[in-house]
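Please look through the sequence and the 3D structure shown here, and keep both in view while you work through the exercises.

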Amino acid sequence: PSRIEQRLQDLNADGVTDILALSGDLQEGVKDYVDSVNIIQAAVASESNFYIGAGVNPFKYTVNDTYGQYLKMLCKINAGAEFIVTQIGWDMKKLQELLVFNQMRELNIPMVARLTLISMEDAKSFTNLSLCPGVSVSREFASLIQREMTSPETFMKMQLRRLCLQITGCMLMGYNAVQICALKSAQEMKTVMDTVAV
């Protein structure tokens with residue numbers, strides 16, 4: 001906690017105004033761990049003008065896991081989170097489910113969908129049904145990505161198209177913004193922006 005408080009002071013001194021409070025999963029053997037709710041509380045208590053965000057992973061497929069994520073999100077909002085960013089995922093129904101959950105509870109908090117462009121290197125890790133810790137992939141989606149890997153050029157076109165469709169879908173569903181990961185060049189960014197604008 002003392003390091004978190006110092007970090008918040010340093011960020012404030014550096015003129016940082018937006019923070020995303022994430023703690024990740026508690027790893028075995030790790031002793032220094034501060035939960036994201038506590039990070040948010042510390043940011044609020046710091047009396048800095050931070051615009052505080054928090055994360056949620058809507059890509060859970062059992063009732064307990066899903067509502068565990070939603071309950072934790074509510075705790076983060078109650079602690080002072082002012083916007084929510086989703087984990088990376090490709091299941092548009094789960095992204096919509098999160099918005100419906102918020103609408104039913106009249107939670108008028110800005111929602112940001114975190115999306116990513118899948119690279120050839122990423123696609124290879126899909127054989128383990130995971131992009132990285134916390135980002136799961138269905139067997140069907142992993143199989144589809146594997147089939148798309150036959151040609152690097154075609155693969156990248158497919159991934160850019162998929163990303164653009166996701167961005168458009170999130171906009172139509174009512175997400176306030178998207179955060180795009182893994183764009184590696186100005187040309188990729190231009191392609192995405194031009195395609196989404198059409």
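This is a predicted model: local features need pLDDT of at least 70, side-chain atom pairs count only at pLDDT 80 or more; totals for chains, interfaces and linings use all residues.

Residues are numbered from 1 along each chain as its sequence is written, and side-chain values use heavy atoms, with hydrogens and water left out.

**Exercise 1.** Find how many disulfides the structure holds, and examine Cys-164.

Solution. A disulfide is a pair of cysteine sulfur atoms within 2.5 Å, and the structure holds zero of them. For Cys-164, the closest cysteine sulfur belongs to Cys-170 and is 12 Å away, which is too far for a bond. Cys-164 is buried at 5% relative accessibility, whereas Cys-75, at 34%, is partly exposed; here buried means under 20% relative accessible area, exposed over 50%, and partly exposed in between, for a 1.4 Å probe and protein chains only.

**Exercise 2.** Describe where Lys-94 is placed and what surrounds it.

Solution. Begin with the helix: Lys-94 is in helix H4, residues 92–104, where a helix is a DSSP run of H or I of at least four residues, numbered from the N terminus. Next, its relative accessible area is 8%, so Lys-94 counts as buried. Leaving aside neighbours within four places in sequence, Lys-94 is in contact (heavy atoms within 4.5 Å) with Pro-58, Phe-59, Lys-60, Tyr-61 and Thr-66. A polar atom of the Lys-94 side chain lies 2.7 Å from the backbone oxygen of Lys-60. Finally, Lys-94 lies over the face of Tyr-61, 5.2 Å from the ring centre; a charge sits over a ring if NZ of Lys or CZ of Arg is within 6 Å of the ring centre and within 35 degrees of the ring normal.

**Exercise 3.** Explain why the pair of Tyr-67 and Tyr-70 is edge-to-face.

Solution. Rings of Phe, Tyr and Trp (its six-membered ring) pair if their centres lie within 6.5 Å, and planes under 30 degrees apart count as stacked, over 60 as edge-to-face and the rest as tilted. The centres of Tyr-67 and Tyr-70 are 5.7 Å apart and their planes stand at 80°, so the pair is edge-to-face. Tyr-67 is partly exposed at 45%, but Tyr-70 is buried at 2%. Together with Phe-101, these two tyrosines form one aromatic cluster, and Arg-105 lies over the face of Phe-101, at 3.8 Å from the ring centre.

Note on methods. Helices (H or I, at least four residues) and strands (E, at least two) are DSSP runs, numbered from the N terminus. A polar contact is a pair of N or O atoms within 3.5 Å; within protein, one must be able to donate a hydrogen and the other to accept it, and residues adjacent in sequence count only if both atoms are side-chain atoms.
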